[in-house]
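Please keep the sequence and the model in view while reading.

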Amino acid sequence: QLQLVESGGGLVQPGGSLRLSCTASGFNLEYYGIGWFRQAPGKEREGVSCISVSDGSTYYVDSVKGRFTISRDNAKNTVYLQMNSLKHEDTAVYYCAADSLICDTAVRVAVDDTYDYWGQGTQVTVSS
């Protein structure tokens, strides 16, 4: 079965850290751009970070720059999102998506339901 599965979410205090994982089954993530997206209650889904398929370059939206780090482990067919210094406003369901267009200069982390693969999401709650 071709699918993406996110994991690693949970409840964390402000200032804490979490590492999210996005693991593919049935296909090789190495050949896709990967994006992380999030959707907070009552808000639209937004892009957070991505890593390109072409040269491994990364991109972060301003709100997470300096706090989040995206990386690949091709041997594990997994992309990670290390989240440090978490804030209340980081609370959301986090999704990963795979598509050759993700992280292209013209696309970055634009939300597009037509991406090849979307995961089911993992909840991140930042609360004291």
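Which cysteine is joined to Cys22 by a disulfide? In this predicted model, the partner of Cys22 is Cys96, with an S to S distance of 2.1 Å.

## The disulfide of Cys22 and Cys96

The torsion about the S-S bond of Cys22 and Cys96 is about 80 degrees, so this disulfide is right-handed. Because Cys22 belongs to strand E3 (residues 18–25) and Cys96 to strand E9 (residues 92–99), the pair ties together parts of the chain that are 74 residues apart in sequence. Cys22 is buried, with a relative accessible area of 0%, and Cys96 is likewise buried, with a relative accessible area of 0%.

## The disulfide of Cys50 and Cys103

A search of the whole structure finds two disulfides, and one of them is formed by Cys50 and Cys103, whose sulfur atoms are 2.1 Å apart. This pair links distant parts of the chain, since Cys50 is in strand E5 (residues 46–51) while Cys103 is in the loop between E9 and strand E10 (117–118), 53 residues apart. The link of Cys50 and Cys103 is right-handed, with 70 degrees about the S-S bond, and both Cys50 and Cys103 are buried.

When bonded cysteines are counted along the chain, the disulfides follow the pattern 1-3, 2-4.

## Aromatic pairs around Tyr117

The search of the whole structure also finds seven aromatic pairs. Among them is that of Phe27 and Tyr117, whose ring centres are 3.9 Å apart and whose planes lie at 10 degrees, so the pair is stacked. Phe27 lies in the loop between E3 and strand E4 (33–39) and Tyr117 in strand E10, so their contact ties together parts that are 90 residues apart in sequence. Phe27 is buried, with a relative accessible area of 11%, and Tyr117, at 16% relative accessibility, also counts as buried.

Tyr117 pairs with Tyr32 as well, and here the ring centres are 5.7 Å apart with the planes at 75 degrees, so the arrangement is edge-to-face. Tyr32 lies in the loop between E3 and E4, and Tyr117 in strand E10, so this pair ties together parts that are 85 residues apart in sequence. Like Tyr117, Tyr32 is buried.

## An aromatic cluster and charges over rings

Ring pairs link Phe37, Tyr95, Tyr115 and Trp118 into a cluster. The ring of Trp118 also has the charged end of Arg45 over it, 4.7 Å from the ring centre. In another such contact, the charged end of Arg19 sits over the ring of Tyr80, 4.0 Å from its centre.

Key
Residues numbered from 1 in each chain as written. Predicted model: local features only at pLDDT ≥ 70, side-chain atom pairs only at ≥ 80, totals over all residues. Heavy atoms only, no water. Disulfide = S-S within 2.5 Å. Helix = DSSP H or I, 4+ residues; strand = E, 2+ residues; numbered from the N terminus. Buried < 20%, exposed > 50% of the residue type's maximum accessible area, 1.4 Å probe, protein only. Phe/Tyr/Trp six-rings, centres within 6.5 Å; stacked < 30°, edge-to-face > 60°. Lys NZ or Arg CZ within 6 Å of the ring centre and 35° of its normal.
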